[in-house]
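Hi everyone, thanks for coming. Please have the sequence and the 3D view open while I talk.

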Amino acid sequence: EYTIPLSRIIKELSLREVHMPKTAEEILIVSRDVIRPGLELYGFCDYFDPKRITVLGRSETAMLESLGEKKKAEAIDHFFALRPATVIVARDIDPCGYMTAAAERYDIPLLSSRDSTSNVVADLVSLLNVELAPRITRHGVLIEVYGEGILLVGDSGVGKSETAIELIKRGHRLIADDAVEIRRVSSKSLVGRAPENIRHFIELRGVGIINARRIFGMGAIKMSEKIDMCINMEIWDATKLYDRMGIDSEYTEILGIRVPVMTIPVKPGRNLAVIIEVAAMNNRQKKMGYNAAQELLSSLGVDLSELQGEDIACQHSGSPRSSRRPRPRKSRPSETLLLNILYIQPPARPASSRSIASRASSEPSSRPGRASRTMASTLTRASSAVMEPSSPQVGTSSTLPPASSTVTPSESVSAARPGSPQ
């Protein structure tokens, strides 16, 4: 059970102390809920929780004034006898004498605020949701990239801190390294921050401990950030099939909230910082409703309705740390469909300069055991095919021996050198 001292609330909301039974540092608040008493002042207290902070506004005080002096004193005394955690009177309304006397009698903290009742309740809920939120600590690096909170996880020594340094040099901001404290501030939001004792520090193997704020300046760090995406970094496994389409979505669960996750293989020569930047921008595009893979399939005439609902829940639903070694996956329907469209063998037809590129892009792979090849290699072969001349070059024989005939070494030399004596 997490707590927050009342002194922190008084400081954050600029409250005025009317009565304090003891120092504000000794009074601890444990509930995230806030109550505005209505039925409780009339005597219905079946579901009243004394751990909650009570806020009184203009409506409550006006209702008490309408009861008359005797019933007003009884209602206030009955309510304070329930011993609420703290009572805050909003709109700079002076608590009446009955209220102050009841607070002193039952040792209830009584505070006053100049803000409106709605603002006091909103500020309280926002503060308590963060300070008293359920939380876990996970091994990883949290960094802000183009406004997106990216949580980097993976085995120790895979290069998370080095990648974070490169991202900081490219203008992004560090939140936490090595240990990330993740809090569930709402039913849809996760906020990460660094433990106070290791905040702004980064460990680099071969260099040691560095202070990112001291070296890179205040613009390179941030206190907290919402977690928008989780990236699992792992050593490249040649036997594993990695995602090449991006049309499907994978998720992991952290504190009961689904977070998009992707796996980035690490190998020498890959610029991980640039890859993570692109992943962050692509994730933002997907949240705004654009998916490049879907647009490509649509341009190829694929019915996207057959591919809907292919969101994949990761096997590691407990935490990002357990995602360090996901199981090898099989090709998904969307990937298989696209590869079949790109690399299907067309019917035989006469060669022409206009159809060479399309034929090159649709030829099957000549390497047995290879399921597919990249689009880049296909386009490269197509461009090379277009550059080939359509007629034989000067000095070469236009007539080649049939495949079944036998050519001696002397004959091959003579064919290679026109005009030489037979």
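This is a predicted model: local features need pLDDT of at least 70, side-chain atom pairs count only at pLDDT 80 or more; totals for chains, interfaces and linings use all residues.

As background, in soluble globular proteins, nonpolar side chains tend to be buried together. Here, the largest nonpolar core has 27 residues, and the ones with the most contacts inside it are Ile150, Ile202, Ile231 and Ile276. Several elements give two or more residues to this core, including strand 8, strand 9, helix 6 and helix 8. Which element gives the most? That would be helix 8, with five residues.

Leaving out residues up to four places away in sequence, Ile276 touches Val145, Ile150, Leu152, Thr163, Leu167, Ile231 and Ile264. There's also a second, separate core, made of 21 residues, with Ile10, Ile29, Val55 and Val120 among them.

Now stay on helix 8, which covers residues 272-287, and find Glu277 there. Is Glu277 buried or exposed? Its relative accessible area is 5%, and buried means under 20%, so Glu277 is buried. What does the side chain of Glu277 meet in there? It makes a polar contact with the side chain of His172, at 2.7 Å.

His172 sits in the loop between helix 6 and strand 10. His172 counts as buried too, because its relative accessibility is 5%. If we skip residues up to four places away in sequence, His172 touches Glu144, Val145, Tyr146, Leu167, Ala220 and Glu277. Skipping sequence neighbours within four places again, the contacts of Glu277 are Val145, Tyr146, Leu167, Arg170 and His172.

On to the strands. Quick reminder: strands of a sheet pair through backbone hydrogen bonds, either parallel or antiparallel. Look at strand 17, residues 257-266: strand 15 runs parallel to strand 17, and six bridges join them. On that side, Glu234 stands opposite Pro265. Strand 16, on the other hand, pairs with strand 17 in the antiparallel sense, over four bridges. There, Tyr251 stands opposite Pro260. Strands 16 and 17 make a hairpin with two residues between the strands, and in that hairpin Leu255 takes a positive phi near 55°.

Elsewhere, five strands form an open sheet in the order 2-7-6-5-4, with mixed pairing. Which strands are at the edges? Strand 2 and strand 4, each of which pairs on one side only. Strand 2 pairs with strand 7 in the antiparallel sense over three bridges, and Arg16 stands opposite Ser112 in strand 7.

Last topic: salt bridges. How many does the structure hold? There are 18. One of them joins the side chains of Glu60 and Arg36, at 3.2 Å from N to O. Glu60 is in helix 2 and Arg36 is in the loop between strand 4 and strand 5, so this pair ties together parts that are 24 residues apart in sequence. Glu60 is buried at 8%, whereas Arg36 is partly exposed at 37%.

Another salt bridge links the side chains of Arg183 and Glu131, at 4.0 Å, N to O. Arg183 lies in strand 10 and Glu131 in helix 5, so here the parts tied together are 52 residues apart in sequence. Both of these residues, Arg183 and Glu131, are buried.

Then there's Glu225 with Lys222, where the closest N and O atoms are 2.5 Å apart. And finally, salt bridges that share partners join Arg8, Glu12, Glu131, Glu181 and Arg183 into one network.

Methods:
Residues are numbered from 1 along each chain as its sequence is written. Side-chain values use heavy atoms; hydrogens and water are left out. Buried means under 20% relative accessible area, exposed over 50%, partly exposed in between (1.4 Å probe, protein chains only). Contact means heavy atoms within 4.5 Å. Two strands pair if DSSP finds at least two bridges between them. A nonpolar core is a set of buried Ala, Val, Leu, Ile, Met, Phe, Trp, Tyr and Cys residues joined through side-chain atoms within 4.5 Å. A polar contact is a pair of N or O atoms within 3.5 Å; within protein, one must be able to donate a hydrogen and the other to accept it, and residues adjacent in sequence count only if both atoms are side-chain atoms.
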